[in-house]
Amino acid sequence: MFSASRFTARRRAIAMAAAAASLALTLAACGSSSDSSSMPGMDHGSKSSASSSPSGSPSMGDMPGMDHMASGNGLSDSKDGYRLTSKDTTLPGGKQAPYRFTVTGPDGKAVTDFAVDQTKRMHFYAVRSDLTGFQHLHPTMAADGTWSADLSALAPGSWRMFTSFTPNTGTAKGKDFVLSRTVTVPGDAAKTPLPAPATSTEVDGYTVTVKGELMAGMAHPLTVSIAKDGKPVTDLQPYLDTYAHLTAFHEGDAAFAHLHPTTKVTGDNGGPDLSFHAELPTAGNWRLFLQFRTGGKLHTAALTLRVG
């Protein structure tokens with residue numbers, strides 16, 4: 001009996017020690033988890049996206065440039081009861097044209113209260129099916145919840161219109177969404193071949209170089225370096241509370257991904273190296289659009305990145 005009691009007591013002591021060790025490991029893991037932040041935008045050609053004037057609106061999170069990671073690839077017009085609706089199924093080519101849309105909630109009513117994310121309540125992207133003609137806009141909303149995005153001239157073909165937003169009220173308050181719909185621009189839609197994968201590209205006299213080996217479905221660091229006339233650029237200005245905005249689209253289906261910056265913004269002295277948290281879900285070629293500002297001008301560079 002005495003030996004059995006000692007054996008039982010010892011087993012209890014071992015169990016309690018194991019539980020304590022497990023709790024310690026859990027607390028250590030929580031304390032050491034890294035802060036994920038966001039990153040911003042790049043084009044198939046030399047056409048720049050529409051720019052937005054700086055805003056004094058507060059950013060999301062403690063680090064300038066931080067935003068939330070929206071789930072999904074953005075190829076659906078509905079998710080969790082929220083739906084992107086629009087009467088615009090065609091748009092004229094060769095001239096400016098507004099794209100009007102509404103986001104409805106689970107109750108079927110137009111959502112009018114959106115959280116600020118990277119200084120804006122709505123981010124809007126347009127890209128043609130061959131991943132040309134990239135535009136990144138910040139539309140305006142009417143009192144009834146109808147948004148209007150003033151698009152620059154569109155080339156003929158099939159276009160996908162992406163909306164990125166976060167409801168500020170309702171069942172999905174604080175959750176990030178990327179929803180999209182397609183639009184047809186009538187005319188002769190000649191397809192432009194996707195440029196081959198490359199590690200650098202040029203725009204407006206700037207050389208943009210990307211470093212990082214990405215694997216589908218895995219988080220990897222990605223570094224973007226910017227130079228001009230062979231010299232590192234150190235005068236990047238904040239754009240949407242970051243030094244660069246990076247967006248990616250997958251070849252074939254135009255799946256959407258927003259790469260998130262981790263470089264802290266400290267003033268008009270960004271560069272030459274910018275760090276990103278990159279996690280692209282699908283293997284294949286991705287077209288990256290990087291937007292950055294210098295001297296008050298917004299530049300948009302584009303290159304093709306191969307993901308294994």
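A salt bridge here is a side-chain nitrogen of Lys or Arg within 4 Å of a carboxyl oxygen of Asp or Glu. By this rule the count comes to four salt bridges. Before we start: this is a predicted model, where local features need pLDDT of at least 70, side-chain atom pairs count only at pLDDT 80 or more, and totals for chains, interfaces and linings use all residues. Residues are numbered from 1 along each chain as its sequence is written, and side-chain values use heavy atoms, with hydrogens and water left out.

**Stop one: Asp 77.** Select Asp 77 together with Arg 181, whose side chains form a salt bridge with an N to O distance of 3.4 Å. This pair joins distant parts of the chain, 104 residues apart: Asp 77 lies in the loop between helix H1 (2-32) and strand S1 (78-79), and Arg 181 in strand S9 (residues 177-185). Helices (H or I, at least four residues) and strands (E, at least two) are DSSP runs, numbered from the N terminus.

With that, you have a network of salt bridges linking Asp 77, Arg 83 and Arg 181.

**Stop two: surface view.** Are these residues buried (under 20% relative accessible area), exposed (over 50%) or partly exposed (in between; 1.4 Å probe, protein chains only)? Asp 77 is partly exposed at 22% relative accessibility, Arg 181 is partly exposed at 22%, and Arg 83 is partly exposed at 38%.

**Stop three: Arg 128 and Asp 130.** Select both side chains to find a salt bridge of 2.5 Å, N to O. Arg 128 is buried at 6% relative accessibility, and Asp 130 is buried at 5%.
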